[in-house]
Every structure is written in C-alpha cells, then in structure tokens.
Amino acid sequence: MIIMGTARHVPANGSLVTTYLLARCFCDGVSAAKSREVLPTSKVLPMRLMPGPSGLMKLPYIGTALMFAPFSRHSPENFGALVADLHEKYGPVFKSRLGKDYSVHTDNAEDAEAIFRNEGAFPLRRLMTLSKVFRERNGLPPALGTVSGPAWQELRSAINPLLMKPSVCIHYLPAQNHVADDFVNQLQNPTLSPDAQSELLFKFALESIGVVCFNQRLGFLDPTTCDSPDRLELLHALKLCLKSIFLAMLGMERRYLRTADDAFYRSYENAMKLIRQRAMIYVRKIVQDVNRTDLERPAQESNLLESMLTKGNLQMEKVLAIIDSMLIGGTDSTARNMTLLIYNLAMNPEAQERAAKEVHELVGLNDPITPEALAKLVYLKACVKESMRINFPLANGTERSLNIDTVIGGYLVPKGTSVIMSSSRSSLDARYFSEPKKFLPERWLRREGEVVRQDSEDKKCHPFAYLPFGHGARGCIGRRFAEMEIYVGTAKLLQKLKITVDPKYEGLKPIYTPFITPEKPIPFIFTARQR
Ligand code: HEM
C-alpha cells in the first residue's frame, strides 16, 4: 500500500486537492498498482531518481560531511540555510545524506498533511541515538526521544494527562508570575551586555521549566545565587547536551557509537550525569514528602513530580528520564523563541504597543496575570504565533520516519525513510500565507470584535504549513508549558518595559543551536513605560 502527498506529476489539469483525495481513497485499501491506474498519466518515479546532491555527496556519512565547512560555506549551526540552498537548487522535494541513510526534504504543506495523517499509532522520528547509547551504556530506561513503538506509547500515555492538561498548566500560573517578575527586574539593569541579556533569557527558561519539574525555585533569577558555580555548571551542561544531540542527529558525529572513551561522547555523558545528579537533589525532597503519611494531599494535582510518582505510577528512573527530557527540551527552545519574539516586537512598535495596551487593560500596571486574563490575551498570543511563523523555531521542521511507502513529489519513498518537513519554508511561502514576509499578528485573529485582516479568513492558510510544535500524538509534550511561559514572561515584560533596538539590526541572520537564535546576541534596550 502507498500513500500520496503532493503529486507534481499528475495530469496538468488535475488539481492537487483531487489528487490528494484520490490518494486518500487508495489508502483505504486500494493497491499501489491501482493508484497508478486511476492516475494514468502520473509517473510515480523511484526514489533513486529523486534530485539531490550527487557524486561523493551520495555516500553515507561522507555525503553529510561534504555538505558542511570546510567543504561548503555552511556550519551545522547554519543547517537551515544549507537546506534552503538545496531547496533552491533541487526544488520542493529532494534527498540528502544525513548520516548513514538518505533523508527526504519537502516544503509542501500537502506532503506534511499526507505524512501526518498516515503516521499511525506510533509516530516515529529518527531516534536520538546519542541519548539512546548513553541510556543503554548506563543501564537506564529509555527517554521519550530514544524510543519508539509501544514502549514510547507507554511512557507518553503515562505523562500526557499530566503535561497536556490545561488545569495542570494553570496550576503553575502563580509560580510563573513570580518567575516572570524576577526576570523583568533583572532585565531592567541597563548595564547588561547583549551576552548577559541572552544568558538571562536562558536562565528565565530554565527557572520556568524548573519550577514545573521540581515545584521549587532554582535560584537562576536571584541576583545573589544566579552565578554560583554549580548553577553555571548546570546551564553549561544543558547547552552542551542539546548541541551534542543536534550534531549527532545531523550525522556529524558518529565515533561515539564505537567507544565510550570517545571525547565527544565523554563530554556528553558527563553533562548528562551532572544534570541527573542535580535533578536528584531536587527530586529527593519531593519523594520524602510523597512518602510521608502525616501530610494531607490535595485532590487536585499539587505538583507534576508528585503526580508522576503517585498518579502516573511511574518508577523513579522513568520519572528522572522525563525530567531530563523536560529540562533539555524545555530550555533552549523557550529561551530562543522568547528572544525572537522580543526582537519582532522591537522591530514592529505598533504591534508592541497594541500588545502592551491589551496587557494593561486586562492585567493592570502591576498585578499578576490571572487565568481569566491569560485566556483573553488574544493579541499577545497572535504576536507569539506570528513571531514563530516569521522566524520558525527550528532549522527545518518536524521529521517523521515513514511507516508506509509514500509518494512525495511524484517519487515513491520507501517505508522507513526519514522525511524532514521544511515548515521553516512553508511558513514563509506565499502559497500558504498572504504577504508572508510581513509581521502581521492580525492574520491569526478570529472575528470576535477584533479588527480582522481579510486574510485571516484566507483559504490559503494551510493548516499543515506552520507546525512549530510538530503535530499529532508525537507532537511537543511541553507545548502548553512553553506557551504559558512565553505569554506570562512577555506580558510581564510589556507591563513594565518598552523594547527598542537599533534599526541597524533589521534583517536577522539566524543560526540554530538547535533552536533559532540570532547569529550574535542583539543589544535590546529596555526602558520603563510611562505611567
Ligand atoms: C517554544 C518552545 C518549544 C518548541 C518550538 C518545541 C518544538 C518541538 C517539536 C517541533 C517537537 C517534535 C514534535 C513532533 O515530532 O511532532 C518537540 C518534541 C518534544 N518537546 Fe518540545 N518544543 C518547545 C518546548 C518544549 C518544552 C518547554 C518542553 C518540556 C516540557 C519540551 C519537550 C519536548 C519533548 C520531551 C519532545 C519529544 C516528544 C516525543 O517524542 O514524544 N518542548 N518539541
């Protein structure tokens, strides 16, 4: 059985939608042979004919190395620009070597839709082999990114109700307000260098996810403790882990597969061990409380960790695996997207003023953000969405290993192949968004007494063209928390401060670490808002 994404080789008069619908019919049990019968002039070509880098670049591993400096102008941090160049050269669908195997790249939202709709019960991304190797060598149970199939589902279904439920998220709103207040207080310091501002955003993200993981403050935003050697060590370890995982995923590093003595692997392992050791310190206190019979327990989830241990019925090692994933997955991601949002608000003063006005009207000048106000901050939320559209969080987008043979761009891509869906390009594509290069939060607003741009109703806006948190059962598990942290952090910032930036910083050059970040920290200017 095959499924079809875009069919660039369908008859010229056959619309894409019709083709897709026909393809869906085939999925319902009609064979591949029949599919070709129904689309007589479509030529489903074998994957070996798919365009892509040729010659030595077709070789496993060597092909990957040759795509990067010193053989090209791209470093791994410029992976987004590299893939963009390849799309320009080879078109919307091409293949490249990422490590041992071929990966297919597509920037068609229709392909993304076809792939996601057929991903089955156990969606699969390429596994994070570096983390997998670490866990196996240390006799640890798998983490979310290192496992697939029923084992992944078992882990995910135990924590989905805890992490994806809005009531659990809202439970942390008071704590997030405090974290955001501390962040804004530190941001007002006019002597902060651009590097220090960038580091502060990272600390904000870590403190925010830390309070969720451990139900206590970690001290990253307290001026008296934030630069203590043990905290800086933890920050460094988190950054190192993420970067190492990214390099390994690109296929840039593979020696670690052979030996535990490899220097790249050693530094990753040491960082992971440090993170686990620090996490244990915070976890121990909560475990002691969970085991106490004299403490009255509230009926509502009082904190995530306690819920995982009691209601989720997870063993301690599995809980720690989840905490690792949350700390590593939830810091760079939120910090970098906040940075880009701050940048976009600075570059678009009208949007910034409208968002600030909304905050002042719904929250006031000093008050904390309540659940009711949070629900109504629609313009601020539209700014967050628009910022991630215009500066997509990842170099490309979500990846899936096909669980079924699939036709992509007219080529038959075999089951098991990894497909990278370039949302970073489709988010900026005029096929899917009107005036795609403009920062227009209004495009996301619904008709609720809001001034709505005509194109918010635009049929062009394909739901699979913009997926910053991925999609479906394997979509980002931290999405609700990430969004809440960004909304609260930004609302608190706009409540007090005005953001400006020298116009010479117009035209951002992003790099990926692996989340989007400016090539060099941008010196933002934060000034108190006039009362
Ligand atoms: C703006 C912030 C964030 C962005 C843009 C983001 C984006 C993503 C994306 C694109 C995926 C892959 C989804 C898919 O394959 O369909 C993902 C997965 C994941 N994210 Fe996030 N993320 C963010 C914040 C967070 C936070 C705060 C956490 C921690 C709670 C987190 C933890 C994870 C985990 C554990 C996975 C793997 C899920 C699985 O394999 O089942 N992320 N994220």
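Helices are taken here as DSSP runs of H or I with at least four residues and strands as runs of E with at least two, numbered from the N terminus. On this basis, P514 falls in the loop between β10 (510–512) and β11 (516–518), and the peptide bond that joins T513 to P514 is cis, with omega near 5°. The model described in this section is predicted.

The protein chain comprises 20 helices and twelve strands. Of its 531 residues, 44% count as buried. Among contacts in the protein chain with a separation of 6 or more, 74% are made by residues 24 or more positions apart.

An open sheet is formed by four strands in the order β3-β4-β8-β5, with mixed pairing. The edge positions are taken by β3 (93–98) and β5 (399–401); each has a single partner strand, so one side of each is left without a neighbour in the sheet. From one strand to the next, the twist averages 30°. Strands of a sheet pair through backbone hydrogen bonds, in either a parallel or an antiparallel arrangement.

The pairing of β3 with β4 (residues 101–106) is antiparallel and extends over six bridges. These strands form a hairpin with two residues between them, and G99 in the turn has a positive phi of about 80°. Within the pairing, K95 stands opposite V104 of β4, while S96 has S103 as its bridge partner in β4. On the β8 side, β4 pairs with β8 in the parallel sense over four bridges. V104 also takes part here, with V419 as its bridge partner in β8. Helix α5 (residues 109–117) lies across β4, β5 and β8 (418–421) and runs at about 130° to β8.

A helix contact is found between α16 (residues 349–363) and α20 (residues 479–496), whose axes come within 9 Å and cross at roughly 95°. Because crossing angles of 65 to 115 degrees count as roughly perpendicular, α16 is roughly perpendicular to α20. On the α16 side the contact is made by A355, A356, V359, H360 and V363, and on the α20 side by A491, L494 and Q495. By class, this contact of α16 with α20 has six nonpolar residues, two polar residues and no charged residues.

The loop between α19 (423–426) and α20 contains C476, where UniProt, in an unreviewed entry, places the feature "binding site". With 21 other C-beta atoms within 10 Å, C476 is buried, because 20 or more such neighbours define the buried class. When residues up to four places away in sequence are not counted, C476 touches F469 and G470. E435 is also placed in the loop between α19 and α20. Although E435 is not a glycine, its phi is positive, at about 40°. In contrast to the buried C476, E435 counts as exposed, with 11 C-beta neighbours inside 10 Å.

A positive phi, of about 55°, is likewise found at N215, which is not a glycine. N215 is situated in the loop between α10 and α11 (229–250) and is partly exposed, with 19 other C-beta atoms within 10 Å. The loop between α9 (173–187) and α10 (194–214) contains L192. This residue, L192, is partly exposed, with 17 other C-beta atoms within 10 Å. Apart from neighbours within four places in sequence, L192 is in contact with Q197 and L200. L192 and A430 are separated by 238 residues in sequence and, C-alpha to C-alpha, by 39 Å in space.

P70 lies in the loop between α3 (62–67) and α4 (79–90).

Definitions and conventions. Residues are numbered from 1 along each chain as its sequence is written. This is a predicted model: local features need pLDDT of at least 70, side-chain atom pairs count only at pLDDT 80 or more; totals for chains, interfaces and linings use all residues. Axes are lines fitted to C-alpha atoms, for helices over the stretch in contact, and angles run from 0 to 180 degrees between N-to-C directions. Angles under 35 degrees count as roughly parallel, over 145 as roughly antiparallel, 65 to 115 as roughly perpendicular and the rest as oblique. Two residues are in contact if their C-beta atoms, placed from the backbone, lie within 7 Å. Ala, Val, Leu, Ile, Met, Phe, Trp, Tyr, Cys and Pro count as nonpolar, Asp, Glu, Lys and Arg as charged, and the others, Gly among them, as polar. Two strands pair if DSSP finds at least two bridges between them. UniProt positions are given in the numbering used here, feature names are shortened, and annotations may be inferred rather than shown by experiment. A residue is buried if 20 or more other C-beta atoms lie within 10 Å of its own, exposed if 12 or fewer, and partly exposed in between; C-beta atoms are placed from the backbone.
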